[in-house]
2 protein chains.
Amino acid sequence: MTMHSLSALFEPTSVAVVGASSDSDRIGGRVLRFLLEAGYQGQIYPVNRSGAAEVQGLKAYASVSAIPGTLDQAIIVVPSGGVEAALQDSIAKGVKCVLVLTSGFAEIGPEGRAQQDRLVAMCRAAGVRMVGPNSLGLLNVDTRYFATFSTALNGLQPKPGPISLATQSGAFGSCTYAMASLRGLGFSKIVATGNEADVDVAECIDYLAGDANTRVICAALESCRDGERLRRALLKAAAAGKPVLIMKVGRTELGAAAASTHTGSLAGNDAVFDTVFAECGAYRPHSIEEMLDIAYLCAVTGRLPASADMGVMTSSGGIGVLMADHAGDLDLAMPPLPEAGVKATLELLPFAVAANPLDVTAQITAVPDGIGRSIDLMLTHGPYATVFAYLASAGLSPQRFESTIASLAALKAKHPGKDMVMVMASVTEVNERLEALGIPVFGDPSRAVVALAGAAHMVKRRQALYTLPAARAASAALGDVGTEAAAKKVLGEAGLPVLPERLCASAEESVAAAQGMGFPVVAKIASPDIPHKTEIGGVILNLQDAEAVRAAHATLLQRARGAMPTARLEGVLIAPMLKGGVETILGVHMDPTFGPMVMFGAGGTAVELYRDVAFASAPLDATRARALVGRVKSSALLRGWRGAAPADEAALVDALCRLSEFALAHAGELESIDINTLVVREKGAFCLDAVIAKKSA
Amino acid sequence: MTMHSLSALFEPTSVAVVGASSDSDRIGGRVLRFLLEAGYQGQIYPVNRSGAAEVQGLKAYASVSAIPGTLDQAIIVVPSGGVEAALQDSIAKGVKCVLVLTSGFAEIGPEGRAQQDRLVAMCRAAGVRMVGPNSLGLLNVDTRYFATFSTALNGLQPKPGPISLATQSGAFGSCTYAMASLRGLGFSKIVATGNEADVDVAECIDYLAGDANTRVICAALESCRDGERLRRALLKAAAAGKPVLIMKVGRTELGAAAASTHTGSLAGNDAVFDTVFAECGAYRPHSIEEMLDIAYLCAVTGRLPASADMGVMTSSGGIGVLMADHAGDLDLAMPPLPEAGVKATLELLPFAVAANPLDVTAQITAVPDGIGRSIDLMLTHGPYATVFAYLASAGLSPQRFESTIASLAALKAKHPGKDMVMVMASVTEVNERLEALGIPVFGDPSRAVVALAGAAHMVKRRQALYTLPAARAASAALGDVGTEAAAKKVLGEAGLPVLPERLCASAEESVAAAQGMGFPVVAKIASPDIPHKTEIGGVILNLQDAEAVRAAHATLLQRARGAMPTARLEGVLIAPMLKGGVETILGVHMDPTFGPMVMFGAGGTAVELYRDVAFASAPLDATRARALVGRVKSSALLRGWRGAAPADEAALVDALCRLSEFALAHAGELESIDINTLVVREKGAFCLDAVIAKKSA
C-alpha cells in the first residue's frame with residue numbers, strides 16, 4: 001500500500017513546535033501543552049530562539065536544524081515575520097510537511113499574499129507539503145496528535161470516534177467540534193486548512209476517504225480552487241462507501257451578501273456547488289446540527305441505509321404522523337405494511353393500527369416484549385431499510401429498559417441488513433448501550449427523520465454518480481459566433497436541431513426565402529451587436545404572406561436603426577414559424593472552477609418566476625440528461641400535460657447531450673451559451689434562437 | 001375580575017380521585033401518588049369502592065357523596081363501565097368540573113361514542129365542565145396540582161416556568177414535556193384534552209391567554225370542532241401579547257395519509273389551518289424542537305421582539321454567513337450597520353469587518369470588554385430589535401466569562417427595548433445566569449435564527465390580524481345557480497365584474513348576439529349538467545365573423561351531445577372575446593369548521609404546477625385582499641411583468657372583497673365557487689367563467 005501524500009501530516013512520528021513557549025496560555029505554549037496533555041507518543045522537539053534549555057519540561061532547541069535525527073513535521077507558530085526563516089530551517093532539516101498556524105498572510109491583503117506565495121514556492125521547490133498559513137491546526141484523536149491552539153480544547157476533550165472533519169475555517173471547525181463534543185460525538189481526525197496555500201479541504205477529503213479509522217466525513221468549504229480535485233475526492237469517498245457531509249455557507253442572497261463582505265470573494269453561483277456535491281454523491285446540510293445528526297446516524301449504524309424506504313413503529317399516533325410529515329417533506333418513502341405483516345401484527349396486538357406508521361397503542365405495555373416483537377414484525381414483513389421506533393420516555397429508566405435492549409440486540413443479529421433507530425427520551429447510559437449495538441437514539445422525532453433523509457439522499461445520488469470526462473482531443477477554434485446565424489450554424493454542426501433559416505439582405509430576398517419555406521414564417525433582425533433582439537422589437541412572428549414579410553423586413557431595419565443607431569446590420573433572418581410544442585430553455589455557464597455547467601428550464605415565465613431550473617455538469621449522457629429534465633417541475637408540460645400528446649423528450653435529451661459535449665470541446669473559449677427557446681414538439685425539438693458568448697481575450 | 005370557566009379545572013382547592021388505588025404504580029394509584037409527591041396544598045379525597053379506610057396514607061371514601069364539605073373537582077380513573085356512575089356521584093356532590101382520564105369512549109367506536117355522548121349530556125344538564133374522556137390529565141406547576149398518570153413524571157420532575165401547553169393528544173404532550181424537561185425548560189400549566197367531549201384545546205388557549213403565569217402558549221391540535229372558538233382564543237392571546245405556537249400534524253401527503261389511518265378522520269384541507277393560524281397571529285412550528293426553541297426564546301426575553309430586524313456580532317465570519325443564510329431563508333431582515341456604527345466600530349476594532357454581520361475577528365480578545373462593547377455598538381447604532389452574539393466556546397469557562405455577564409447585564413439595562421441572544425458552547429451555570437438577565441443562549445447558530453424567525457412571524461402577523469365578522473342579516477336564498485349564466489348572474493348582482501353575454505337558442509341568435517357585441521367573440525356550451533366545459537371541447541375562442549359563430553354554435557351542440565348524450569342543453573353562450581390581460585383564478589371553499597375560505601391564484605399553469613395559490617378567511621377588506629394577492633408569486637405578472645403595463649389590481653382586489661362578502665352571506669347554502677378565469681386588464685377585471693356548487697340538501 002502506498003502512503004498518502006498527507007500521511008506525514010496526520011500521522012507524524014516526530015514533530016518540532018517552532019515558536020514553542022513556556023507560557024502554556026500563549027499560542028505557542030498552548031500547542032505544546034495540548035500535545036503533552038494528549039499523551040502523543042511521537043518525538044516532540046520544542047524550538048525556541050531564546051536559547052532556553054527547556055520548554056514545558058522538554059529539552060528545547062534554538063533552531064530546527066539543531067534537532068538530532070530525522071523529523072517528519074514542523075508546526076510553525078512564530079510571528080508572521082519569522083515564518084519564512086522557520087520554513088527554510090525546517091526544509092533544510094528534511095521535514096515532509098509543515099503546519100503553519102501563524103496568521104497575517106493572504107487574508108490581510110496583497111503584501112501578505114506575496115509573502116504567502118513565497119512560502120508556497122519554497123515548499124514546492126523542496127517537495128514539502130504545507131497546511132496553512134492561518135490554520136487552527138489539526139487533531140488526530142487516534143494517535144493523540146493534537147496540533148492546535150484552539151481554546152475549545154481547554155473545556156472539551158475529544159472523544160475517539162469514526163467521524164472526521166476537514167474545514168477551511170478554524171472557527172467553523174471549533175464550533176462544530178464544540179457542538180459535537182457537548183453531545184458526546186467522537187472524532188478520528190479534524191483539520192483546519194486555513195488559507196489553503198497548498199493543502200486544501202478537497203485533498204484532506206481524499207486522505208480521509210482512504211483512512212481506515214474514518215467512517216463518516218464532514219467538511220466545510222468557503223471556496224474551491226480546484227474543481228476536479230474536489231470531484232475526485234468526493235467520488236473516491238463515495239466509492240469507499242463513506243458518507244460525505246459538506247457545508248458551504250452563502251446559500252441565500254443575504255448569506256451571499258454577508259459572505260462577500262467577509263471574505264472579499266464574489267459569491268459565485270451557489271447552485272453550482274449544490275450540483276457538484278449532489279453529482280458526486282455528497283450531501284450538503286444546511287446547519288451544523290443537521291450535519292452532526294446525519295454523521296451520528298451513519299457513525300452508529302456504520303453505513304448508509306440500503307434504501308430510502310422507512311417504517312415507523314410508534315406508541316403515539318400523533319408522533320407517527322409527525323414523522324410521516326417529515327418523510328413527505330424530504331422525499332423519503334413509507335411503503336405500506338404488506339398484508340402478511342398486517343395479519344401478524346393484529347394477532348399480536350388486536351387494537352393496533354396495523355399500517356405504516358404502526359401505531360401499537362397503549363396496549364403494547366401489556367404484551368411481553370411487545371416493543372421487540374413489534375419492531376421484528378416491521379423488519380420481517382416490511383420492505384424497510386430503516387425502522388424507527390418511537391418509545392416515549394422508555395429510555396429514562398435503564399432498569400426497566402434492560403430487557404428491551406436484549407431483544408434489540410437479538411433483532412440486530414436477526415436482521416443484519418436493516419437498521420433500527422430509537423426515538424425517545426433517554427439517559428446517556430441507555431443511549432451508549434444502544435449505540436454499541438449499532439442502534440442510534442434521537443430525542444426529537446423530527447431530527448431523526450431529517451437525519452435519515454440526508455443519508456438517503458446520498459444513497460440515491462450514489463446510484464448515478466458523475467463520471468469525470470476522459471481527456472479530449474483539442475477542438476478546432478470556434479471562429480466568430482457573434483450573431484444568431486453564426487451561433488446556430490456551429491450548434492447545428494455540433495448536431496443540435498436547428499431550423500433551416502436564411503439571412504436576407506433585401507425585402508425581396510426575404511419574400512423569396514419565405515415562399516421557399518412555406519408560410520407562416522418568423523423574421524428577426526440579424527446583427528452581431530444586438531444579442532437580445534426581443535428587447536428592441538427585433539422579432540416579428542407569424543407572418544402569413546409575402547406582403548407581411550416585406551413589411552416586416554422594413555420594420556425590423558427601422559426599429560434596429562432607431563434603437564441602436566451604431567449597430568452593424570447584416571439583414572433579416574427568415575425562418576419557418578413553428579406552432580405548438582413546449583418551450584424550453586437550454587444554457588451553458590462556464591464555471592471557472594467546475595467547468596461547463598448545463599442549465600435546463602421549461603415553460604417560459606416559470607423559469608424566471610419560480611427559478612424552476614436545474615443544473616448538471618458536462619458531459620451529459622442520456623441517463624443524466626433525462627434526470628436533469630426530471631428535476632424541473634415544469635417538465636410535466638412535456639409529459640402529456642392536461643391531455644396533450646407527450647413531447648419528444650428523446651429529442652430534448654439528445655440536444656442536451658450534444659450541447660454539453662460542444663461546451664466541453666470548446667471550454668477554453670466559451671463564457672456562456674443561451675438557447676432560448678428550444679421548442680420540443682410531438683416529433684422533434686427545434687432551436688429557435690441561440691446566443692454564444694466567448695471569453696474576452 | 002370574573003373567573004374563567006376553566007379556573008376550577010386548573011386551580012381547584014379540593015379534589016376527589018375517583019378510582020384511587022393503593023398500588024402507586026397502577027393508573028389510579030399513580031395519579032394519587034403524583035399529587036402527594038408534588039405537595040399539592042388543596043384537599044385530596046381518595047375515593048375507592050373497596051371500602052378501605054386509607055389509601056396511600058389518606059383517609060379514603062367509598063363514594064364522592066361521602067366526602068365532607070364542598071368539592072371543586074373530581075378526577076375520574078375508574079374503568080370505563082363505572083365512569084357514568086362516578087360522574088353522577090360527582091355531579092350530585094356539586095363539583096364544578098371533572099377530569100376523565102379513563103379511555104374506551106369515542107376513540108374505540110360507535111358504542112363508546114354513545115357512552116361519551118351520555119357523559120356530555122349529564123355535564124351540560126348540570127352546568128359541569130369536563131376534560132376528557134381519554135385525557136392524560138393536567139399539571140399546574142405553580143400550585144403543584146399534578147393530575148395525571150403520565151409515566152414521564154417518573155423520570156422527570158417539572159420545573160416551574162412561563163410556558164404552558166394545551167394538547168389534544170396526551171402522547172404528543174408527554175413527548176413535548178420530556179424534550180422540554182431534558183433541556184431544562186419550565187412550565188406553568190400542561191393539559192391534555194383527549195377526546196374533547198366538552199373542553200377543547202381552543203378553550204384552554206383562551207384560559208391561558210388570561211393566565212398571569214403563562215407568558216408563552218404552546219398547543220397541539222389533531223382536529224378542530226369549533227373554528228370560531230379557536231379564532232377567538234388565538235386573537236385573545238395575540239391581544240395579550242402572548243406568543244402562540246401551535247402544531248398540527250398531517251401537513252404533507254404522507255403525513256395526511258398516516259393521519260387518516262390513525263384517527264379515521266379525513267385530513268381536511270391543511271392549508272386552511274395554516275391560514276387561520278397565520279391570520280390570528282399564531283405560528284405553526286414543524287417540529288417539537290422548533291416549538292420549544294421559539295418558546296424558550298420568548299420565555300427568556302419575556303416578549304416578542306419589536307421587529308424582524310436582526311443584527312449579528314460574531315467572532316467567526318463563517319458562522320455569521322451561516323446565520324445570514326438562515327435569515328435569508330426565513331424572511332428575517334439584516335439591515336446594514338449605519339455609517340456612525342461603522343465608524344465607531346473601526347475605532348474600537350480597526351481590523352473588524354464593520355458590517356452586519358459584524359465580524360470582530362480574533363482581535364476582540366485583545367480589547368478590554370471587547371464583547372460587551374461590540375454588542376453595545378450594534379445595539380446603539382443599528383436598527384436591530386435583536387442582536388445575536390456568536391462567542392464560540394466562551395460559555396464553557398464560567399470564571400473567564402464572569403466579566404462579560406456583568407457587561408451584558410449593564411447592556412440589558414441600557415437598551416431595555418432590544419433583545420440580545422448569545423450563541424456559544426456553554427455550561428448550564430452560565431446559561432442560567434444569562435437567562436435570569438433575560439438573555440437566551442443557543443448552542444447551534446442555525447437554531448437561534450430559526451427561533452427568532454418564528455417569533456418574528458408572529459410580530460408581522462399581529463400587525464394585520466383577522467377580525468371576526470359582525471353578525472349579518474340573513475340573505476335571500478340563492479335559487480338555481482347550476483349553469484354558468486345563472487352563476488354569473490348572481491355574482492354580477494353581488495358586484496363582481498361580469499362581461500355582458502347572451503344565451504342563444506339558435507345559430508341565428510348566436511350570430512345576432514355576436515354582431516351586437518362586436519367581433520371577436522367566444523362561444524360556450526350552456527348546460528346545467530356540464531360544469532367543466534373545456535374538458536369536452538365546450539368552449540370555442542376567438543370567433544372573427546358571423547360564419548365562424550354559426551359553425552361554432554353547431555359544433556358545440558354536436559360535441560356536447562357526443563360527449564354527454566343525457567345532458568340538458570340550454571343553448572350556446574356568446575360573449576365578447578377579451579385579448580390580453582393577466583389570467584387569475586378566484587375561488588371559495590366552504591370549510592365545515594372555519595367557514596368560507598377565499599383562494600387566489602394567477603397565471604394559469606402555475607396554479608397547478610407550483611400550487612402557487614394562497615388562502616384567506618372571509619370576509620376580506622381591501623388591505624387583506626391585497627395581502628392575499630401579494631402572497632402569490634405569480635402576482636408579479638400583474639405588476640408590470642417584463643415591461644408590460646401594470647394590471648388593474650384595484651379591480652381585482654374589489655372582486656376578491658365582493659366575492660368574500662357573497663360567500664359569507666350565503667355560507668349556509670354554498671359548497672364552493674370557482675371563478676376560472678378572472679382576467680385582469682390594464683383597466684378593469686372581467687369574470688370569464690364561474691361555477692357555483694351548492695351543498696347537497
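**Salt bridges, helix packing and peptide geometry**

Mentor: Over all chains the count comes to 74 salt bridges, a salt bridge being a side-chain nitrogen of Lys or Arg within 4 Å of a carboxyl oxygen of Asp or Glu. This is a predicted model, in which local features need pLDDT of at least 70 and side-chain atom pairs count only at pLDDT 80 or more, while totals for chains, interfaces and linings use all residues. Residues are numbered from 1 along each chain as its sequence is written, chains are lettered from A and ligands numbered from 1 in the order in which they are written, and side-chain values use heavy atoms, with hydrogens and water left out.

Trainee: What makes Asp206(A) and Lys236(A) a salt bridge?

Mentor: Their closest N and O atoms are 3.0 Å apart, and the limit is 4 Å, so the pair qualifies. Asp206(A) lies in helix H7 (residues 201-209) of chain A and Lys236(A) in helix H8 (residues 227-239) of chain A, so the bridge ties together parts 30 residues apart in sequence. Helices (H or I, at least four residues) and strands (E, at least two) are DSSP runs, numbered from the N terminus.

Trainee: Which side chains form a salt bridge between chain B and chain A?

Mentor: The count between these chains is four; one of them joins Glu289(A) and Arg447(B), at 2.7 Å from N to O.

Trainee: How many residues are in contact where chain B meets chain A?

Mentor: On chain B, 69 residues are in contact (heavy atoms within 4.5 Å) with 69 residues of chain A. About 5,200 Å² is buried between the two chains, 65% of it on carbon and sulfur atoms; buried area is the accessible area (1.4 Å probe) that two parts lose on being put together, summed over both.

Trainee: Why are H19(A) and H20(A) called oblique?

Mentor: Helix H19 (residues 507-517) and helix H20 (residues 546-563) of chain A pack at about 140°, their axes 9 Å apart. Angles under 35 degrees count as roughly parallel, over 145 as roughly antiparallel, 65 to 115 as roughly perpendicular and the rest as oblique. The angle falls in the remaining class, which makes H19(A) oblique to H20(A). Axes are lines fitted to C-alpha atoms, for helices over the stretch in contact, and angles run from 0 to 180 degrees between N-to-C directions.

Trainee: What makes H12(A) and H17(A) a contrasting case?

Mentor: The axes of helix H12 (residues 317-329) and helix H17 (residues 445-461) of chain A come within 9 Å and cross at roughly 30°. That value is under 35 degrees, so H12(A) is roughly parallel to H17(A). Residues including Ile319(A) and Leu322(A) in H12(A) meet Pro445(A), Ser446(A) and Val449(A) in H17(A). The contact residues divide into six nonpolar, two polar and no charged, where Ala, Val, Leu, Ile, Met, Phe, Trp, Tyr, Cys and Pro count as nonpolar, Asp, Glu, Lys and Arg as charged, and the others, Gly among them, as polar.

Trainee: How do you know which class H6(B) and H11(B) belong to?

Mentor: The axes of helix H6 (residues 170-182) and helix H11 (residues 288-301) of chain B cross at roughly 55° and come within 10 Å. The two helices are therefore oblique to each other.

Trainee: Where does Pro357(B) lie?

Mentor: Pro357(B) is in the loop between helix H13 (339-348) and strand E15 (358-359) of chain B. The peptide bond from Asn356(B) to Pro357(B) is cis, with omega near 5°.
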